[in-house]
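Student: I've got a model open and I'd like to learn how to read a few of its features. Can we go through them together?

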Amino acid sequence: MRMPEEVNRIVSDRIATLLFCPTETAVKNLKDEGITNGVINVGDVMFDVALYYKQQARQQSRMLQQLGLEEKSFVLATCHRAENTDDPRRLAQIVDALGTVAERLQVVFPIHPRTRKLIAEQGLAEKLGEVRITDPIPFLDMVALEQAAKIILTDSGGVQKEAYFYRVPCVTMRDETEWVETVELGWNVLVGASSTRIVGAVERALVRDFPSNAASPYGSGDSSRRIVNTLVEF
């Protein structure tokens, strides 16, 4: 309830006629809240987007070349959520973890303007050490980096899913996640904002084997078509 997105979801779900869900988990959650009418699992439109832009990003983006990166040789990090950036203790732990990870493997950190500002105000910039800081980057370049990363470190809901779509191990710097399927399938781990836990999760991800299954809880990449067809027939 601390997240505006969750408050807005609760309101929207109670006044909507049709509720297009991305997963069976979402359908179950609505049922637990007493909402069953007009609920349809169509899959996740973000999966549609990920599939559509996957090859375009590889072909059109030059971000890897611009940054001098080789595939699977770096950690991609993002941090922007208020629960992390507005809490000096959590932000300090995250910055410390990024600096520690960068001692072993290159870390690329496209930094949110608010995050940059708060790191500077709290005197944490030196702790980043060898972390490669960049300005925020365009969508296709971000998709190219996500696909090429060895591991993704994030507090973003969307980036967690994109990591799973591209089968890149993800370490999520939050205490909970909306996308529980990524955790259940072994591709995502929640570590909160503990420097020790973040670094430990990265180290384990570097050596462990990840599931080879092709499970697709987010649909078949045709969610948008299913939504449109449903609306046309409604």
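Student: Is K72 buried or exposed, or something in between?

Tutor: Relative accessibility decides that: buried is under 20% relative accessible area, exposed is over 50%, and partly exposed is in between, using a 1.4 Å probe and protein chains only. K72 comes out at 38%, so it counts as partly exposed. Keep in mind that this is a predicted model, where local features need pLDDT of at least 70, side-chain atom pairs count only at pLDDT 80 or more, and totals for chains, interfaces and linings use all residues. Residues are numbered from 1 along each chain as its sequence is written, and side-chain values use heavy atoms, leaving out hydrogens and water.

Student: Where does K72 sit, and what about its phi?

Tutor: Most residues other than glycine have a negative phi. K72 isn't a glycine, yet its phi is positive, about 60°. You'll find K72 in the loop between α4 (63-67) and β3 (74-77); helices here are DSSP runs of H or I with at least four residues, strands are runs of E with at least two, and both are numbered from the N terminus.

Student: Which loop holds R167, and what is its phi?

Tutor: R167 is in the loop between α9 and β7. Its phi is positive too, about 55°, although R167 is not a glycine. With 29% relative accessibility, R167 counts as partly exposed.

Student: How do I read the packing of α3 and α9?

Tutor: Two packed helices are described by the angle between their axes and the distance between the axes. The axes are lines fitted to C-alpha atoms over the stretch in contact, with angles from 0 to 180 degrees between N-to-C directions. Helix α3 (residues 45-60) and helix α9 (residues 157-165) pack at about 55°, axes 10 Å apart. That makes α3 and α9 oblique to each other; under 35 degrees is roughly parallel, over 145 roughly antiparallel, 65 to 115 roughly perpendicular, and the rest oblique.

Student: Which residues make that contact?

Tutor: Contact means heavy atoms within 4.5 Å. On α3 they are M46, F47 and A50, and on α9 they are G158, K161, E162 and F165.

Student: What does D175 touch?

Tutor: Leaving out residues up to four places away in sequence, D175 touches E83, R90, L190 and G192. D175 lies in the loop between β7 (170-172) and α10 (180-184), and at 52% relative accessibility it counts as exposed.
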